[in-house]
Amino acid sequence: MTMLDIRDITKRFGGLVANDSIAFTVEAGQIFAVIGPNGAGKTTLFNMVAGTFPPSEGEVAFDGAVISGRSVAEIAQSGLVRTYQLVQLFKQMTVAENVMVGFHRVTTGGVFSALVRPPGVRRQEREIREKTAEILEFVGLSHRADVTADLLPYGEQRLLEVARALAAGPKLLLLDEPAAGLNTEETAELARVVRKVNENGVTIMLIEHDMGLVMQIAHRIAVLDFGRKIAEGTPEEIRAHPEVIAAYLGGTEGYDD
Amino acid sequence: MKSSLTMTLPDTTSTRSGLPWRQILLGVLAVAIVVYSFTANGYVVTVIGFAAIYALFCTGLNFFMGFTGQASFGQNAFAALGGYGSAILTADYSVEPAVALVLTMGFSGLVALIVGYPTLRLRGHYLAMATFALGLITYEISINWTDLTQGYMGYSGIPPLGIGPYYADSPKAQLAVIFVLLALGVIAAARLKNSRFGRACRAIAGSELAAGALGIPVARYKLISFVIAAVYASAAGSLFAHFVGFISPEVFGTAMVVQSFTMLYLGGIGTIAGPLIGAVVVSMLPEVMRGLKDFQTVGYLLLLLAILIYAPRGLHGLLERILPDREG
Ligand SMILES: Nc1ncnc2c1ncn2[C@@H]1O[C@H](COP(=O)(O)OP(=O)(O)O)[C@@H](O)[C@H]1O
Ligand SMILES: [Mg+2]
């Protein structure tokens, strides 16, 4: 079953073609990685998928429905949840509260139910608390539950972002450079969590700079360069792909970190 | 930098014991103020009554500014709507004060909805300017629409609070009613804060991007929290009108904005207790500093500066450092 169908999308910023007619599909259950040098257009692609801005041309279908043109919140409501390249935590809230916010999409209730607290809402709050504890356990942040998110070390902030996204019960999780700025140990921990999330049935599409990480966890990889998709395949195929090697794998351009 | 932070993180797994001393201390203080006010003379009753009314006003403003992270410099507009609405309805049309209170709260909420809808699409300074303009417009109306508001002359003959045959015929009885309404307002704010809705609002303050990506309708929630703040402001305005029996445009002027901001930041914005602490302390300051005579304002401002510099999270933040939470 196809989870995400990217149909020849193009994005132009003035004269710059940031994405040039890119097409591929992500199958349900996959970990799909998008790699490429800085400025290749990876985040732009994510932004079009998540609805931050519409494509100049082409469209994106998610779970069988065209989502291009819908707002970020609407797309999130349908089960496509993303994290950001720069960590976007709710800094003044505790770690547990950050995850609790993640449940917004899969829970109900507004001002009235907050004030009156009918039994159903109390039950829901209890469930949110229990599931939050489970998720924190899952990503290994239980011991930080009551700490203000602001005070977490960077590696744990990344994990918290993933935890929060998980609370939203995504069908497809978009991770924009989740390992950026992490040390080897933290990266390994993140890889472990991402794999575990995937094994629990969540399809994952990630952008990553860390080739080691990508080769290790991705089922399939697409390579972008100057806004074009230059290759797509399994990690083995990508490793052997002449154009990819020329573009940067073996070349001198390299990565910035 | 990061590693040193890790080192100093409290180990939250091993300290889950002990009483919530901060909450107990604040509770005792609140009870003490209430008890004291009923034994005190008329002047003290007035000062505490104003403090309680401001506390209600700030609790609402705090929801919009502290929790949702937006700025409004025009919340006095809704206090004016409440004050004048209650005054006109009760004095001229003999509407029950309690009914007028609820009607004006509804009306203010509606105005906030209509004004907020286009305004809240603006960001940062633009939103602040737009709300500031709203406060000025209301002020001008209260001066110039003399048929309705009696202009500079002010509006007098406003009856005390009450419902049916029961009405608060003494200042202390009025104060009791104000305390009850303030308590309801604070409980409501605390419930809102720790709910799906309140968490979403606080998430918006943290990152609109991430909130949106988790399916939170950012614009709508900002609007709702603006309406909530307006409803509180309106109630505070109504209470003031009944408590004093007289209102004039100055009461709901720009000074109110300065006063409430001072209370919020001094008390500790973004917490439930902060606005209450701020309202009480700022209301008391002029009394405490009376001895300074001509230098009263200077002393007052210096104290304010000192707190903002050394306790950026306000008095409540200071208290939290001394008596931290034992349990999350
Ligand atoms: N909002 C934008 N406006 C203008 N140019 C942009 C915008 N976003 C990205 N770009 C440009 O598009 C190109 C691709 O950027 P991006 O998608 O962020 O690359 P990557 O994530 O692969 O590093 C870059 O040249 C960048 O400067
Ligand atoms: Mg990028």
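Visitor: How are things numbered here, and what counts?

Guide: Residues are numbered from 1 along each chain as its sequence is written, while chains are lettered from A and ligands numbered from 1 in the order in which they are written. The model is predicted, so local features need pLDDT of at least 70, side-chain atom pairs count only at pLDDT 80 or more, and totals for chains, interfaces and linings use all residues; side-chain values use heavy atoms, with hydrogens and water left out.

Visitor: Which residues are around ligand 1?

Guide: A residue is near a molecule if one of its heavy atoms lies within 4 Å of it. Here the shell includes A:F13, A:L16, A:P37 and the run from A:N38 to A:T44. By class, the shell holds 5 nonpolar, 5 polar and 1 charged; Ala, Val, Leu, Ile, Met, Phe, Trp, Tyr, Cys and Pro count as nonpolar, Asp, Glu, Lys and Arg as charged, and the others, Gly among them, as polar.

Visitor: How much of ligand 1 does the protein cover?

Guide: Accessible areas come from the Shrake-Rupley method with a 1.4 Å probe. On its own, ligand 1 has 560 Å², and the protein covers 60% of that.

Visitor: What are the domains of chain A?

Guide: Domain bounds come from an automatic or database domain assignment. For chain A, this gives domain 1 (1-79 + 170-257) and domain 2 (89-169). Their C-alpha centres lie 27 Å apart.

Visitor: How many residues of chain A are in contact with chain B?

Guide: Contact means heavy atoms within 4.5 Å. In chain A, 39 residues touch 33 residues of chain B. Buried area is the accessible area that two parts lose on being put together, summed over both. Between these chains it is about 3200 Å², with 62% from carbon and sulfur atoms. On the chain A side, A:F90, A:H104 and A:D146 supply 19% of the area buried against chain B, more than any other three residues.

Definitions and conventions
Buried area = accessible area lost by both parts, 1.4 Å probe.
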